[in-house]
Amino acid sequence: MSQINNNMLKTLCHPEILERYKKLSKIENLLPWQNSCLSQLSAPDYDENLIFSAPTSAGKTLVAEILMQYSLIQRNEKVIFLVPIISTGEEKVEHFKKIFGRLSEKEIRVESYLGNRYQNSGLRKGNIAVCT
């Protein structure tokens, strides 16, 4: 398995976010399929869609989160994260605030649009919108 701090991931991940994953999520390694999936995106000019499939609890969300922070920090883009139910959305909002939160050079704001509830100004001021 590849270490989560290998050169390819250093390209894709912000160092503060890597440390938060290690501390909060106890993630130290990527699975081979995750590494393979992410290595396709390590080119700075990569601008294609990515579709991947894996069984339940295989680590798809980690790949999505790494891609999210790459888009947020490296490309200065905004992200919409879709969830099927409100309770999952509430969990993700709190998780994203802990993982992405305030970085040394940038604050990443997480907003929610869950069911008929929404928060603040969405993507006008926020960087991540968690939506049902």
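The pLDDT is the predictor's confidence in each residue, on a scale from 0 to 100, and over this chain it averages 80, with 83% of the residues scoring at least 70. This is a predicted model, in which local features need a pLDDT of at least 70 and side-chain atom pairs count only at pLDDT 80 or more, while totals for chains, interfaces and linings use all residues. Residues are numbered from 1 along each chain as its sequence is written, and side-chain values use heavy atoms, with hydrogens and water left out.

Over residues 1–5 the pLDDT stays under 50, and for this stretch the model has 18 contacts beyond four places in sequence, a contact being heavy atoms within 4.5 Å. Where pLDDT is low, the predicted coordinates should not be read in detail.

The chain has five helices and six strands, taken as DSSP runs numbered from the N terminus (helices are H or I with at least four residues, strands E with at least two). From the N terminus on, these elements run β-α-α-β-α-α-β-α-β-β-β. Of the contacts in the chain with a separation of 6 or more, 63% are accounted for by residues 24 or more positions apart. Buried residues make up 42% of the 132 residues in the chain, where buried means under 20% relative accessible area, exposed over 50% and partly exposed in between (1.4 Å probe, protein chains only).

The largest nonpolar core has 30 residues, and those with the most contacts inside it are Phe 96, Phe 100, Ile 128 and Val 130; such a core is a set of buried Ala, Val, Leu, Ile, Met, Phe, Trp, Tyr and Cys residues joined through side-chain atoms within 4.5 Å. Among the elements that give two or more residues to this core are helix 2 (15–25), helix 3 (32–39), helix 5 (86–99) and strand 6 (128–131), and helix 4 gives the most, with eight residues. Leaving aside neighbours within four places in sequence, Val 130 is in contact with residues including Phe 81, Val 93, Phe 96, Val 110 and Leu 114.

Two helix pairs are set side by side below, with axes as lines fitted to C-alpha atoms over the stretch in contact and angles running from 0 to 180 degrees between N-to-C directions.

| Pair | Angle | Axis distance |
|---|---|---|
| Helix 4 and helix 5 | about 50 degrees | 13 Å |
| Helix 3 and helix 4 | about 25 degrees | 10 Å |

Angles under 35 degrees count as roughly parallel, over 145 as roughly antiparallel, 65 to 115 as roughly perpendicular and the rest as oblique, so helix 3 is roughly parallel to helix 4, whereas helix 4 is oblique to helix 5. Thr 61, Glu 65 and Met 68 of helix 4 make the contact with Lys 92, His 95 and Phe 96 of helix 5. In the other pair, Trp 33, Gln 34, Cys 37 and Leu 38 in helix 3 meet Lys 60, Leu 62, Val 63, Ile 66 and Leu 67 in helix 4.

In helix 2, the residues Ile 17, Leu 18, Arg 20, Tyr 21 and Lys 22 are buried, and what covers them includes helix 4 and helix 5. Lys 26, which follows helix 2, has a positive phi, near 60 degrees.

Lys 125, in the loop between strand 5 (117–118) and strand 6, counts as exposed because its relative accessibility is 56%. Leaving aside neighbours within four places in sequence, Lys 125 is in contact with Lys 78 and Arg 109; Arg 109 is 16 residues away in sequence and 7.5 Å away in space, C-alpha to C-alpha.
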